[in-house]
Amino acid sequence: EALRASVGWVEPDVGPLFTLREKYYPGDVGLYFGLKPTDANEFVDMQTKELSNGRLAMLAVAGMCVQEQINGQGILENLGF
């Protein structure tokens, strides 16, 4: 997280707190090793897919929490561990 924060945010001693860098575009972090699309439309498509994946993961975790509350068993207990 420290690396990602240093990419997008201005250091507190350099500028005002909670200021984004001018060249930073939200979501443009962590796509190294040639994984970042060069085309702007492909990049937007990749961002949309990542957001959808994150939202699905949050729903899955919420479902597991509800299951724990309903039957009183932990997730690993429900899986047989």
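Trainee: Is F18 buried or exposed?

Mentor: F18 counts as exposed, because its relative accessibility is 73% and the cut-off for exposed is over 50%. Keep in mind that this is a predicted model.

Trainee: Okay, and where does F18 lie?

Mentor: In the loop between α1 and α2. The backbone there is worth a look too: phi of F18 is near 60 degrees, a positive value in a residue other than glycine.

Trainee: Which residues form the nonpolar patch on the surface?

Mentor: W9, L17, F18 and L20. Together they have about 480 Å² of accessible area.

Trainee: Take L20, then. Where is L20 found, and what is its relative accessible area?

Mentor: L20 is found in the loop between α1, residues 2-8, and α2, residues 40-71. Its relative accessible area is 38%, so L20 is called partly exposed.

Trainee: Switching topic: how many salt bridges does the structure hold?

Mentor: The structure holds 2. In one of them, the side chains of R21 and E11 meet at 2.8 Å, N to O. Both R21 and E11 lie in the loop between α1 and α2, so this pair ties together parts that are 10 residues apart in sequence.

Trainee: How exposed are R21 and E11?

Mentor: R21 is partly exposed, at 27% relative accessible area, and E11 is partly exposed as well, at 33%.

Trainee: And which side chains meet at 3.4 Å?

Mentor: Those of K49 and D45, again N to O in a salt bridge. They are 4 residues apart in helix α2, so about one helical turn separates them. K49 is exposed, with a relative accessible area of 56%, while D45 is partly exposed at 40%.

Trainee: Since you brought up α2, what should its 32 residues span?

Mentor: At 1.5 Å a residue they should span 46 Å. The end C-alpha atoms of α2 are 47 Å apart, which agrees.

Trainee: What comes just after α2?

Mentor: G72, which takes a positive phi of about 75 degrees.

Trainee: Last one: where is the confidence lowest, and where is it highest?

Mentor: Lowest in α1, at a mean pLDDT of 78, and highest in α2, at 92. For the protein, the mean pLDDT is 85, and 94% of the residues reach 70 or more.

Conventions:
Residues are numbered from 1 along each chain as its sequence is written. This is a predicted model: local features need pLDDT of at least 70, side-chain atom pairs count only at pLDDT 80 or more; totals for chains, interfaces and linings use all residues. Side-chain values use heavy atoms; hydrogens and water are left out. Patches are made of residues with over 30% relative accessible area and no salt bridge: like charges are joined within 9 Å, nonpolar side chains (Val, Leu, Ile, Met, Phe, Trp, Tyr) within 5 Å. Accessible areas come from the Shrake-Rupley method with a 1.4 Å probe; for residues, only the protein chains shown count as cover. A salt bridge is a side-chain nitrogen of Lys or Arg within 4 Å of a carboxyl oxygen of Asp or Glu. Helices (H or I, at least four residues) and strands (E, at least two) are DSSP runs, numbered from the N terminus. Buried means under 20% relative accessible area, exposed over 50%, partly exposed in between (1.4 Å probe, protein chains only). pLDDT is the predictor's confidence in each residue, from 0 to 100. The expected span of a helix is 1.5 Å times one less than its number of residues.
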